[in-house]
Amino acid sequence: MNLPGVVDDLRKIVGRDAVLDRPEDLMLYEYDGGVRKSTPGAVVFPTNTQQVSEIMRLASTNHIPVVGRGAGTGLSGGAISQAGGLVIAFSRMNRILEVDVENARAVVQPGVVNLQLSEHVSHLGLYFAPDPSSQKACTIGGNVAENSGGPHTLLHGVTVNHVTGVEVVLPSGEIVHFGGKAAESYGYDLTGFFVGSEGTVGIATAITVKLLRKAEQVATLLAVFESVDDAARTVSAITAVGITPAALEMLDGWTLRTIEAFCHAGFPLDAGAVLLIELEGLREAVEEQAVAVSEVCMRQKAREVRRAKTEDERALLWKGRKMAFAALGRVSPSYYTQDGVVPRSKIPGVLQHIGEVAKKYDLIIGNVFHAGDGNLHPLILFDMRNAEQYEMVLAASRDILQYCIDVGGSITGEHGVGMEKRDMMRQLFSDEELDVMISLRNAFNGDEVLNPEKMLPMPRMCREIMGASQNAVLAQEGM
Amino acid sequence: MSTATTPARFTRELREICGAGYVIEDPARLEQAQVLGMTPAVAVEPASVEEVAAVLFFANVQGLSVVPAGGFTQQQAGNIPSAIDVLLYTTRLTGVEHYDPGDLTIGIGAGWTIAQLSSKVGADGLLFAGDAPIPERATVGGLLATGMTGPLRHGYGGLRDYCIGIKFVTGDGRKGKGGGRVVKNVAGFDLMKLLIGSQGTLAIITGASFKLFPAPRQTSTFVAGFATAAEAIQYRDSVLRSPLSPICLELVSPQAGALLPGAGRVGKAWSVCLRAAGSDAVLARYRTELGAAVSLEIDGHNERELWRAIEDFSNTLPERNPGSVLISLSLPLADVTPVLNELESVAASNHLTYAAIGTVGVGRLLVGLWPVAGERTNLGAAVSTFRERLPRDASATILHCPEELRRQVAAWAKTPTDFDSIKAVKHALDAKDILNRGRFLF
């Protein structure tokens with residue numbers, strides 16, 4: 001790897017002002033929204049697909065590790081470079097290339113900010129459904145890499161459910177297309193395979209996404225509970241009456257008090273937990289569901305169920321939810337967000353376990369999460385300067401994720417595996433299963449030029465095991 | 001047709017893996033398991049993932065060609081396999097890995113039939129949205145491998161939207177897994193997407209987990225008739241732009257309508273059949289919004305019969321017209337009308353009759369073409385012309401082709417996805433090309 005030696009070549013491709021290599025400039029690119037850091041050797045800002053292709057070809061020839069980067073809001077280290085590697089930043093590839101109303105599609109460059117797309121098509125009554133809490137900043141390229149979710153994925157699904165085509169630059173520099181504007185494309189669904197591949201297969205340079213029509217009616221309810229347990233049990237009670245809300249979020253008492261002090265969203269200060277429930281669809285259906293959901297909440301011992309009466313009230317409740325992370329930043333120097341998932345029916349148990357973990361490690365852990373699909377976000381407060389406490393945080397985090405795995409869940413629902421959960425992949429997948437994934441990655445990125453040491457752990461015994469049994473059969477067959 | 005012969009030592013090994021009772025060598029039974037006229041040399045019925053892995057590992061070492069099979073409802077699709085040394089039935093993979101109605105998820109073996117699955121979850125008021133043709137025989141594994149969907153695709157999404165986990169054995173005998181049993185999960189590659197519709201060429205699917213939906217408590221179906229396809233598609237667009245969210249939205253051409261039982265109910269024109277779920281108040285709203293174009297509203301038995309017939313159409317058409325070519329298309333929404341116009345023009349200039357039916361709200365279309373009685377025509381050339389004229393982002397596969405045309409018309413001719421990347425993925429999981437050899441794109 002010789003990055004300094006190719007900086008001049010990079011400048012020839014993208015122009016002098018589009019490459020950063022001074023240490024003070026690179027510092028801005030050494031972290032994302034998570035807790036890991038690593039300083040790249042250079043950052044390059046292409047403006048078009050051809051430039052990305054030339055950059056990739058140059059990097060591959062010189063064995064320079066490359067990672068794509070959008071806004072750097074990710075929470076799993078997905079956009080962090082290897083030390084001295086090359087970051088391709090997409091802030092200059094931020095154009096909406098096409099809005100195709102007839103086909104309900106948009107084609108965007110990877111640097112387009114998530115919320116900007118919805119704002120851009122709002123006058124047409126359309127929007128882009130995936131809505132991560134960071135949607136004011138995060139980019140669609142990053143959403144594609146991590147297969148991002150958000151509160152409304154309960155009804156609408158995560159990013160992969162909204163991407164029908166991608167233009168991809170492969171490590172070789174070759175530009176290829178997977179899928180297009182049709183909902184599905186025959187042949188292998190490489191679009192679906194690419195989304196969530198965490199930058200380890202190729203780099204998306206144009207993305208075709210679905211645009212949904214805004215619902216006629218939206219009802220936003222705030223159900224207030226005395227205890228976390230009652231709120232947790234209500235989650236599966238709602239789905240049990242045959243209703244799938246568009247969003248079903250839970251905030252525990254500690255978290256909502258912290259948020260309230262920060263942005264006055266109107267959360268009750270003395271509650272044990274609240275559920276923020278959103279219903280959308282045909283007016284008649286929404287009104288019936290709002291009544292039914294309120295009844296379920298009251299049966300599950302809710303103290304009260306409030307409904308946002310105006311768009312402003314609704315926006316305020318959501319602001320409170322989406323500002324949760326910012327609010328925590330005020331009360332703690334650092335926080336660590338986990339992303340475990342459990343089957344819906346296991347939510348009461350996992351919340352109890354998180355409480356026990358907090359006691360065991362003497363940590364404050366808040367809970368604000370996508371309860372409807374069992375996707376937890378325990379927020380562990382700590383001080384990065386306290387090395388001992390940091391170790392406790394990592395141990396607590398592993399403990400919680402192990403519980404999720406033990407009850408049939410997953411280590412990540414929407415943030416991706418990245419660097420930090422890479423080793424926990426072994427708890428979810430056998431060596432043989434990981435070997436299958438590695439061979440698929442190697443089909444595109446065999447030299448691991450793209451985002452090395454992310455998502456998939458290093459192969460362990462697998463090849464030796466396979467080799468041994470294969471040899472046994474060959475010997476038996478006399479070959 | 002040709003029959004491969006499998007040496008006795010291979011059969012001996014297969015018996016050791018699956019048990020003697022589950023290795024089929026009886027010529028009469030093998031004859032019944034023909035795939036596109038090709039008789040398997042031997043068939044096996046493994047009962048576990050381990051047995052599937054052992055069969056594939058063995059076949060891989062020996063270079064034997066393996067064709068996976070479930071309920072034999074889609075085996076007429078694709079090209080003629082270059083050989084069938086081993087036909088591998090997945091029908092004994094019938095375990096339940098997890099099922100808690102409160103989680104709205106289920107994980108089951110690939111051998112479950114769609115009807116069994118629907119009935120199991122239906123007892124708890126839940127719906128499995130994969131409404132494949134001939135659900136009594138179609139299996140979960142086959143449904144996933146072929147990527148077939150039915151009319152519920154409109155309201156509930158496709159398999160890629162609600163299959164949340166998948167287990168499989170690769171062509172080189174490795175046990176693989178993607179996803180899990182929770183509805184939201186981004187750990188590792190999304191191998192559900194990769195295997196859905198991969199036509200049994202990358203791996204043999206042994207089990208899967210699905211998101212389930214609350215079953216609708218009441219539905220009603222509205223049928224609107226139009227003189228032309230263009231008018232029917234305009235009506236589709238007005239529904240898509242409205243606040244309505246029907247669970248099914250199906251276009252039925254006049255000839256397709258004639259093939260449905262109770263055809264009189266759908267009428268002789270181009271029809272749009274729309275199925276809505278909800279309370280009396282919700283259904284009343286549909287009546288108001290859909291307006292005067294609706295000529296018929298049905299529910300209960302008649303409604304169920306109509307939708308079942310639409311689900312089974314891909315089976316019914318070739319049964320009634322063995323000489324027909326049946327093409328499945330996936331199109332951008334705005335391409336549906338031009339493609340139907342093209343179909344009409346190709347049919348008219350080649351003395352062909354055509355039928356079209358499809359989940360047009362998501363761009364799915366099934367098209368059948370067959371010779372007008374007594375006319376001499378070159379159906380193969382007409383199909384090629386039609387496919388050549390398809391728009392850029394369209395993809396097309398042939399689900400049924402009369403025997404005499406099979407070698408003339410390639411089954412998989414069009415996809416917008418990069419072919420070299422497709423081959424690279426195939427090589428990664430089945431480098432020796434033992435699975436469904438010759439059947440798919442390669």
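Student: What does the buried side of H17(B) pack against?
Tutor: This is a predicted model. In it, the buried residues of H17(B) pack against E9, H7 and H16 of chain A. From chain B they also meet strand E8 (163-170), helix H8 (191-195) and strand E10 (203-211).

Student: Which residues of that helix are buried?
Tutor: Helix H17 of chain B covers residues 419-429, and its buried residues are B:Ser421, B:Ile422, B:Val425, B:Lys426, B:Ala428 and B:Leu429. Seen down the axis of H17(B), those residues fall within an arc of 160°, so they line one face of the helix.

Student: Why would residues a few places apart end up pointing the same way?
Tutor: An α-helix has 3.6 residues a turn, so residues three or four places apart point the same way.

Student: And which exposed residues sit on the face turned away?
Tutor: B:Phe419 and B:Asp420 are the exposed residues on the face of H17(B) turned away from its buried side.

Student: OK, the two chains. How many residues does each one give to the contact?
Tutor: Chain A gives 77 residues and chain B gives 68 residues.

Student: Which elements of chain A are on its side?
Tutor: Those giving two or more residues include strand E9 (175-179), helix H7 (190-194), helix H10 (283-299) and helix H16 (431-445) of chain A. The largest share, 10 residues, comes from H16(A). H16(A) is also one of the elements that the buried residues of H17(B) pack against.

Student: How does chain A's side split by residue class?
Tutor: The side of chain A that touches chain B has 31 nonpolar, 30 polar and 16 charged residues.

Student: Switching to chain B by itself. How many helices and strands?
Tutor: Chain B has 17 helices and 20 strands. Its radius of gyration is 22 Å, close to the 22 Å that the globule rule gives for 442 residues, so chain B is as compact as a globular protein of that length. Along its principal axes, the C-alpha trace of chain B spans about 70 × 60 × 40 Å.

Student: How much of chain B is buried?
Tutor: Of its 442 residues, 60% count as buried. Among contacts in chain B with a separation of 6 or more, 72% are between residues 24 or more positions apart.

Student: What domains is chain B divided into?
Tutor: Domain 1 (96-214), domain 2 (219-301) and domain 3 (314-411). The C-alpha centres of domain 1 of chain B and domain 2 of chain B lie 29 Å apart. Their contact takes five residues from domain 1 of chain B and six residues from domain 2 of chain B.

Student: Where's the largest nonpolar core, and which residues have the most contacts in it?
Tutor: That core has 292 residues, and A:Val274, B:Leu195 and B:Ala356 have the most contacts inside it. Its largest share, nine residues, comes from helix H3 (residues 49-62) of chain B.

Student: What does B:Ala356 touch?
Tutor: Leaving out residues up to four places away in sequence, B:Ala356 touches several residues, including B:Leu251, B:Ser253, B:Leu340 and B:Val367.

Student: Last one: is B:Leu306 buried or exposed?
Tutor: B:Leu306 counts as buried because it has 25 C-beta neighbours inside 10 Å, and 20 or more is the cut-off. B:Leu306 lies in helix H13 (residues 300-311) of chain B. B:Leu306 and B:Thr221 are 85 residues apart in sequence and 9.3 Å apart in space, C-alpha to C-alpha.

How values were computed: Residues numbered from 1 in each chain as written. Chains lettered and ligands numbered in written order. Predicted model: local features only at pLDDT ≥ 70, side-chain atom pairs only at ≥ 80, totals over all residues. Core = buried A, V, L, I, M, F, W, Y, C linked by C-beta atoms within 7 Å. Buried ≥ 20, exposed ≤ 12 C-beta atoms within 10 Å, placed from the backbone. Helix = DSSP H or I, 4+ residues; strand = E, 2+ residues; numbered from the N terminus. Contact = placed C-beta atoms within 7 Å. Nonpolar A, V, L, I, M, F, W, Y, C, P; charged D, E, K, R; others polar. Rg over C-alpha atoms; globule rule 2.2 N^0.38 Å. Domains from an automatic or database assignment. Arc of directions from axis to C-beta.
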